[in-house]
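Here's a quick briefing on a few spots worth a look in this model. Have the structure open and follow along.

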Amino acid sequence: MTETSPPSTSAPAALDRSDSDVVLIVDDVPDNLVVLHDALDESGYTVLVATHGEAALQRAAQALPDIVLLDAMMPGMDGFEVARRLKASPATAHIPIIFMTGLTETEHLVAALEAGGVDYVTKPLKPREVMARMGVHLGAARKARQDARQAREARNALDAFGYASITVRAADGRIVWQTPLARELLQSYFGEVGPDGAPTPFGQWAPEPVQAWLRRHVLADNAAERLEASLAEPPRLAVEQGARRLTFRLHQQAGDSAGGGDWLIVMREVSDAKIIESMSLSFKLTAREAEVLYWVLKGKINRDIGDILGASPATVKKHLERVFAKLGVETRTAAAAMAMNRIRQLHPQFEG
């Protein structure tokens with residue numbers, strides 16, 4: 001058996017992972033490679049080999065194996081250094097590493113784990129034992145990849161449908177993850193502030209109103225348990241900015257519940273201007289008539305509507321009379337009910 005050649009400058013052919021896991025064996029002793037290669041190959045694994053540290057790093061970066069069997073003691077770059085470099089690279093940090101070692105002293109085994117290994121097997125190697133250990137770690141890695149993919153798909157779906165979302169750590173308000181849309185909305189409404197209100201690199205902390213809302217409903221006595229049991233959903237947080245309103249809703253807890261856990265929060269922006277435009281088109285109202293109807297829907301009296309629109313109560317009353325005629329109703333309550341039904345058809349996220 002010969003060592004694998006270094007990757008060429010052209011893109012490597014993709015490995016078929018549909019039917020087998022890819023294993024990279026790194027050992028400078030040909031006999032060890034032969035024994036493991038044959039046993040793994042017969043068991044259906046796709047096997048790659050390297051006989052020194054540099055080749056192992058190149059091969060791992062090129063092929064991204066599902067697991068690495070790594071000899072601890074090799075001339076030149078030893079296995080501990082290979083492991084540290086693999087874990088230092090974002091592309092290969094996720095790959096589980098099982099050390100193969102003839103050293104059984106505690107200090108060497110500790111060094112293997114500190115370098116990034118998840119397990120070790122001792123030489124002389126027993127292929128069945130090696131495969132049993134591999135099976136445990138491959139299963140865990142496979143589940144982690146599946147969970148990450150499902151979480152990513154769920155978040156992407158939220159973003160694609162206009163639902164901005166963030167994951168916030170309840171204990172300190174740190175943003176663990178956010179969609180691009182969420183980042184834009186938070187920056188638009190709150191700017192760049194830290195937990196104490198001071199400027200900070202944006203994206204690290206949830207705004208203080210969001211943190212306070214989260215603490216109030218998650219860290220209060222038994223609140224987390226009630227939420228997890230779906231016995232109650234806390235009131236949504238709404239932040240207004242002129243004719244725009246941003247609402248926050250607790251969606252689900254993610255990860256460990258210690259210290260309140262991490263929470264996925266879904267945000268939705270509603271624009272008064274869009275609602276008013278929709279009512280104007282739906283009921284064939286003028287822009288000012290649609291504005292009057294909107295504020296009636298919000299429970300405002302004629303005097304308040306006049307103050308908002310810069311008109312007298314008498315002018316508002318005339319606009320409202322024309323609105324009643326176009327909608328075929330006689331009262332404010334009937335007009336508001338008809339408008340609400342239409343808005344909810346066109347804007348399901350509208351909360352009134």
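Asp 71 sits in strand S3. Keep in mind that this is a predicted model. Most residues other than glycine have a negative phi, and most peptide bonds are trans, so the backbone spots below are worth a glance.

**Asp 71**
- An unreviewed UniProt entry annotates Asp 71 as "modified residue: 4-aspartylphosphate".
- Asp 71 has a relative accessibility of 3%, so Asp 71 counts as buried, the cut-off being under 20%.
- Leaving aside residues up to four places away in sequence, Asp 71 touches Val 26, Asp 27, Asp 28, Gly 79, Met 100 and Lys 123.

**The cis peptide bond**
- Lys 123, one of the residues that Asp 71 touches, is joined to Pro 124 by a cis peptide bond, with omega at about 0°.
- Pro 124 belongs to the loop that runs between strand S5 (119-122) and helix H5 (127-160).

**Positive phi values**
- Leu 64 isn't a glycine, but its phi is positive, near 50°.
- You'll find Leu 64 in the loop between helix H2 (53-63) and strand S3 (67-71).
- With a relative accessible area of 34%, Leu 64 is partly exposed.
- Lys 284, also not a glycine, has a positive phi near 55°.
- The loop between helix H9 (272-283) and helix H10 (287-297) is where Lys 284 lies.
- Lys 284 has a relative accessible area of 68%, so Lys 284 counts as exposed, the cut-off being over 50%.

Definitions and conventions: Residues are numbered from 1 along each chain as its sequence is written. This is a predicted model: local features need pLDDT of at least 70, side-chain atom pairs count only at pLDDT 80 or more; totals for chains, interfaces and linings use all residues. Side-chain values use heavy atoms; hydrogens and water are left out. Helices (H or I, at least four residues) and strands (E, at least two) are DSSP runs, numbered from the N terminus. Buried means under 20% relative accessible area, exposed over 50%, partly exposed in between (1.4 Å probe, protein chains only). UniProt positions are given in the numbering used here, feature names are shortened, and annotations may be inferred rather than shown by experiment. Contact means heavy atoms within 4.5 Å.
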